[in-house]
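Please examine the sequence and the structure below before reading on.

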Amino acid sequence: MGYVKSALLDEKGFVILDAYDQTADPQEWMDIEYVDWKSSGVTRFAPLASAFGNIEVNGFWHHSPPRTDKDGVWIDSQVVKAPRLTARATEPGANVGRCRVIELQPNVYSDTLYNLHQDDNNRLNPDGSGWIVRGFFNLSDDAESFMTLREDRFDPTNEVRIALPAGTQIIVDTQRFWHAVWHKGPEPRYCLITSWESGPQLDAYIGKHHGTNAHENPYLAPEVIASAQADVQRRLAERAAALAARGEKEGEYDEGSIDPEA
Ligand SMILES: [Fe+2]
């Protein structure tokens, strides 16, 4: 049968919505409670919806019983402090799974490439239902930072770099793309990340906000890319050697709380 997908989103794997006027809203993300959760860099997370309404951010499939990234339970103590963020996450009317604000400390491009990962949103998602994708609403003003997407992890020629000024709204098939954010700083980056189920509601929302996958990459010097590519290969080799020294292989290492985000 296959999954229900958004045609526009499926074409390139991402859509960019109209920019939101972030300056008109209070900085609710400074008021909510964060938990330490290392993921794709130096990060903390503030959940608005979680598996059972607790302030924790683990993947729903790690809970008992395990389930897919849908039917998130809103956390009253967070929602009351972040009504605008909650309203934005629920505006599409699509099923919401995990919903949280990420705090990401500054990094460099080679960190970003090292942090590239694919999400696992559709684990346990039954065939015939809507494909889970993720909304990224940039809250802090990070015009020089980039959501970095690759269909092929090690191929820089297919890289998509989307700048992240405040109010940027993008939806990404994060299970399809290797992704991470290059955040230049100097302050932490804050972004609302929401798991949505694809379907008519999300399509209507994308249409309402003029979603487009037309995009032109900002320039990045070839020597910068080449240097970062080499650095990542070196770091991956070092990691593999460290794992081998412990008698482990990639994939067997228990990464504990690491839950890839962006
Ligand atoms: Fe991710």
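The model is a predicted one, and the description should be read accordingly.

Let us begin with helix α3, which comprises residues 83-90. Four of its residues are buried, namely Leu85, Thr86, Arg88 and Ala89. When the helix is viewed down its axis, these buried residues of α3 fall within an arc of 160 degrees, and they therefore line one face of the helix. An α-helix has 3.6 residues a turn, so residues three or four places apart point the same way.

Helix α6 covers residues 222-245 and contains 24 residues. Its length can be checked by simple reasoning: at 1.5 Å a residue, the helix should span 34 Å, and the C-alpha atoms at its ends are 35 Å apart, which agrees. The buried residues of α6 are Ile225, Ala228, Gln229, Asp231, Val232, Leu236 and Leu243. Against which elements do the buried residues of α6 pack? They pack against α4, residues 109-115, and against β7, residues 142-150. After α6 comes Gly247, which has a positive phi near 75 degrees.

Strand β7 leads us to the sheet. Three strands form this open sheet, in the order β8-β7-β10, and their pairing is antiparallel. The edge strands are β8, residues 160-164, and β10, residues 178-182, each of which pairs on one side only. On average, neighbouring strands of the sheet are turned by 20 degrees against each other, if direction is ignored. In general, the strands of a sheet pair through backbone hydrogen bonds, in either a parallel or an antiparallel manner. The antiparallel strands β7 and β10 are joined by five bridges. As for individual residues, Thr148 has Ala180 in β10 as its bridge partner.

The cysteines remain to be considered. How many disulfides does the model contain? The count is zero, when a disulfide is taken as a pair of cysteine sulfur atoms within 2.5 Å. Cys99 is in no disulfide, and the nearest cysteine sulfur, that of Cys191, is 10 Å away.

Technical notes: Residues numbered from 1 in each chain as written. Predicted model: local features only at pLDDT ≥ 70, side-chain atom pairs only at ≥ 80, totals over all residues. Heavy atoms only, no water. Buried < 20%, exposed > 50% of the residue type's maximum accessible area, 1.4 Å probe, protein only. Helix = DSSP H or I, 4+ residues; strand = E, 2+ residues; numbered from the N terminus. Arc of directions from axis to C-beta. Expected span 1.5 Å × (residues − 1). Contact = heavy atoms within 4.5 Å. Pairing = 2+ DSSP bridges. Axes fitted to C-alpha atoms, helices over the stretch in contact; angles between N-to-C directions.
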